[in-house]
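Please keep the sequence and the structure in view while reading.

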Amino acid sequence: MDETPPLHDGDEVDDAFRAVLEGLRTTLPGVQVLFAFLLTLPFLESFEPLPRSEKAAFYIAFFGSAVASILLIAPSAHQRLRAPISGVKRHSARHLQITVRITIVGTIIFAIALGAAVYLVSSMVLNGVGVILATVAITALLAWSWFYVALVTFADHRH
């Protein structure tokens with residue numbers, strides 16, 4: 001597999017970093033809305049009698065959306081903390097590489113949180129088979145649209 005050449009030019013690194021931040025502007029609201037929704041659930045009367053499996057799904061979704069929020073906000077925090085205060089170069093190829101990895105991990109954890117949230121909500125309104133079908137359908141759509149399309153459909157097949 002051909003690897004993308006490393007970015008050395010400062011303008012190229014800045015452009016790539018800006019592209020990552022732009023992508024995060026569309027992802028973060030979804031993560032934060034899920035987190036806010038989940039934050040309210042334990043305070044509802046109907047939460048206490050939930051079966052253990054639904055409480056486990058809640059906690060996976062809650063914890064996952066918290067972790068995803070932290071990781072997906074990190075690149076913005078990096079940008080604010082660097083050059084203006086520290087005098088450290090704002091963006092470097094290494095910084096971009098780490099930022100992309102943090103963003104990928106945050107996206108994977110958000111996907112897990114979404115799957116758990118779909119299971120939780122589905123289990124409250126559907127029967128056993130419906131819960132499984134809804135969760136599998138959403139998880140498959142998510143895996144296909146977020147990961148398969150990016151990694152397989154758009155892969156360079158010029159070997």
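## Residue Thr135

Thr135 has a relative accessible area of 15% and is therefore buried (buried means under 20% relative accessible area, exposed over 50%, partly exposed in between, with a 1.4 Å probe and protein chains only). Thr135 belongs to helix H5, residues 128-153; helices are DSSP runs of H or I with at least four residues, numbered from the N terminus.

The side chain of Thr135 reaches the backbone oxygen of Val131 at 2.8 Å. Not counting residues up to four places away in sequence, Thr135 touches Gly115, Val118 and Tyr119, where contact means heavy atoms within 4.5 Å.

## Basis of the model

The model is predicted: local features need pLDDT of at least 70, side-chain atom pairs count only at pLDDT 80 or more, and totals for chains, interfaces and linings use all residues. Residues are numbered from 1 along each chain as its sequence is written, and side-chain values use heavy atoms, with hydrogens and water left out.

## Helix H2

Helix H2 covers residues 52-81, and its end C-alpha atoms are 42 Å apart; this agrees with the 44 Å that its 30 residues should span at 1.5 Å a residue (the expected span is 1.5 Å times one less than the number of residues). A kink of about 40° lies at Ala74, shortly before the proline Pro75; the bend is the angle between axes fitted to the seven residues ending at a residue and the seven starting there.

## Residue Ala68

Ala68 is in helix H2 and, at 0% relative accessibility, counts as buried. Other buried residues of H2 include Phe58, Leu72 and Pro75.

Leaving aside neighbours within four places in sequence, Ala68 is in contact with Val31, Gly106, Ile109 and Phe110. The C-alpha atoms of Ala68 and Ile108 are separated by 8.2 Å, although these residues are 40 residues apart along the chain.

Note on methods
Helix = DSSP H or I, 4+ residues; strand = E, 2+ residues; numbered from the N terminus. Polar contact = N/O pair within 3.5 Å; in protein donor to acceptor, adjacent residues only side chain to side chain.
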